[in-house]
Amino acid sequence: MTDQKPKLKKPRGVARLVDGKCIACGARCQSVCPVNCVEMTDSGEPIIEGVKCIGCQKCVKICPASALEMYFSPEELKILAELAASAAPVEEEVDPEAAALARKLAEYRGVWVFVEQTEGEPAKVSWELLGVGAGLASTLGVELCALVIGYEVETLCSEAFAHGASKVYLLDAPVYRHYRTEAYVEGCCHLIEKYKPEVILMGATGMGRDLAGAIATRVATGLTADCTGLAIDDKRNLMQTRPAFGGNIMATIMCDKFRPQMATVRPNVMPMPERKEGAQGVVIRDPFVVPEESVLTKVIEIIRDAHSKSAVDITGAEFIISGGRGLMGPENFAMLQELADELGGVVGASRSAVDAGWMPGDRQVGQTGKTVRPKIYIACGISGAIQHLVGMQDSDMVIAINRDKSAPIFEVATYGIVGDLFQVVPAITKKIRELKQSRK
Ligand SMILES: Cc1cc2nc3c(=O)[nH]c(=O)nc-3n(C[C@H](O)[C@H](O)[C@H](O)COP(=O)(O)OP(=O)(O)OC[C@H]3O[C@@H](n4cnc5c(N)ncnc54)[C@H](O)[C@@H]3O)c2cc1C
Ligand code: SF4
Ligand code: SF4
């Protein structure tokens, strides 16, 4: 049997001011103190209430003038010396603030994906999010769950299982038939408060953006919109990557002190997971119903936009021929349409082309337009600004046609054609027609 040495507690000390070094920076030390033991004098110097100080060292670390230091009493110095000299196990005192935070965060477990639906029709982005959510849940060692809200939408549960969820939280009642912010926020917040998920993902669609913002405000947590990358760090934090400063840098944002961690992702940014036919899971039918009289918004009638019937959804297209400022004018987009017709594709545009009024806004690809992921993306007369690239760089194949061989579009292109698009595009269309003809 071996004797167990008693554990010595490592003293934490208290902060104190080093005479003459404070530069009165504006009370940074006071602002970081978690136990409010720093008072400021009229001349802007701190007075630290030693008995309240828990020795967290936050003020010492933030001080720009090295004007604060940790003070240890002679007894504490003796213990520190003993600890340094011996191999006795050290019992680190736990920072009470950090411990309370860790306890709070540990109450939240599970990755949830909001399944967006309109009149029972699911939005494809929900399944894409279940795909990325599966990776996050596996890293965290938790369940991947879907959140289904609507009326007579139980069939969506089996769809959610087929796309990777192992559990579905279901709110099914007439009050949830049409999307209304108040009813959906109440319903979602009820489930969040009851089951405490640590991550919630939603589509960056009209509905998702509206709902996510309202929920994050209600449950007092952070929300990162339009993420292009999601991962988990070694402290279970969701690393949410998205373009920032007009798309010129990619920022990774974390919400390390609040739960749940909420993120929205645009359609087509994440790959669609493989469908597992017949996959089963658990359905938690929650009886929570928002009283209809408490919902101020009433849906009287749904009037379909006449334009929407003729509108082209470039996000679902397999072939996109996009034109930029190099097209020189709206009339030249007919040339791209001819090529698109031969391929069974659609015509897209850069923002410059849209801003010039050459193409409608719903054709714009990029950061402030649509995110697309076609099989083939043909960029004609588009320079390849980062704001355009973030909307199309995940296409299976990119073909760039540009007369400037140093155009950035060539950096993401699978095939690059340096040449005049007014010669290259008709030549490609002609070749495709000939090939089709020869196969008849
Ligand atoms: C906050 C913010 C958000 C933005 N969001 C978007 C967005 O969502 N989508 C987007 O596209 N942009 C967006 N932009 C704008 C973006 O920065 C670029 O200005 C825009 O993408 C440039 O469009 P373009 O490539 O058509 O034009 P240009 O940059 O002018 O490029 C035209 C290209 O055509 C080539 N060319 C000219 N004539 C020919 C020819 N005959 N044959 C072959 N090549 C030819 C030229 O060599 C050139 O490379 C955004 C900008 C900001 C600041
Ligand atoms: S060491 Fe921590 S608790 Fe003590 S004064 Fe500085 S910030 Fe406050
Ligand atoms: S942070 Fe440092 S310089 Fe700033 S007020 Fe506190 S002691 Fe002075």
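A helix, in this presentation, is a DSSP run of at least four residues, and helices are numbered from the N terminus. The structure before you is a predicted model.

I begin with ligand 1. Which element gives the largest share of the shell around ligand 1? That element is H11, with three residues. The shell holds 30 residues, and those that come nearest to the ligand are Gly324, Gly326, Ser350, Arg351 and Gly366. Two or more residues are given by each of helix H11 (351-355), helix H12 (386-389), strand S22 (397-402) and helix H14 (421-439). By class, 17 residues of this shell are polar, eight are nonpolar and five are charged.

Ligand 3 has another shell, with 15 residues around it. Cys22, Cys25, Cys29, Cys63 and Ala67 come nearest to this ligand. Here 12 residues are nonpolar, two are charged and one is polar.

Let me now turn to the chain as a whole. It is divided into three parts: domain 1 covers 10-93, domain 2 covers 105-294 and domain 3 covers 312-439. Between the C-alpha centres of domain 1 and domain 3 there are 61 Å.

Next, the strands. Strands of a sheet pair through backbone hydrogen bonds, and the pairing may be parallel or antiparallel. One open sheet in this model has seven strands with parallel pairing, in the order S13-S17-S12-S7-S10-S11-S18. Why is one side of strand S13 (223-227) and of strand S18 (282-285) left without a neighbour in the sheet? Both stand at the edges and each has a single partner strand, so one side of each has no neighbour there. From one strand to the next, the twist averages 25°.

Strand S10 (residues 144-150) and strand S11 (residues 167-172) run parallel and are joined by six bridges. One of the residues involved is Cys145, whose bridge partner in S11 is Lys167.

Finally, I come to strand S19 (residues 319-323) and strand S20. These two run parallel and are joined by four bridges, and Ile320 stands opposite Val346 in S20. Together with helix H10 (residues 333-343), S19 and S20 make a right-handed β-α-β unit.

Thank you for your attention.

Definitions and conventions:
Residues numbered from 1 in each chain as written. Chains lettered and ligands numbered in written order. Predicted model: local features only at pLDDT ≥ 70, side-chain atom pairs only at ≥ 80, totals over all residues. Near = placed C-beta within 6 Å. Nonpolar A, V, L, I, M, F, W, Y, C, P; charged D, E, K, R; others polar. Pairing = 2+ DSSP bridges. Right-handed = clockwise from strand over helix to strand, strands pointing away. Domains from an automatic or database assignment. Axes fitted to C-alpha atoms, helices over the stretch in contact; angles between N-to-C directions.
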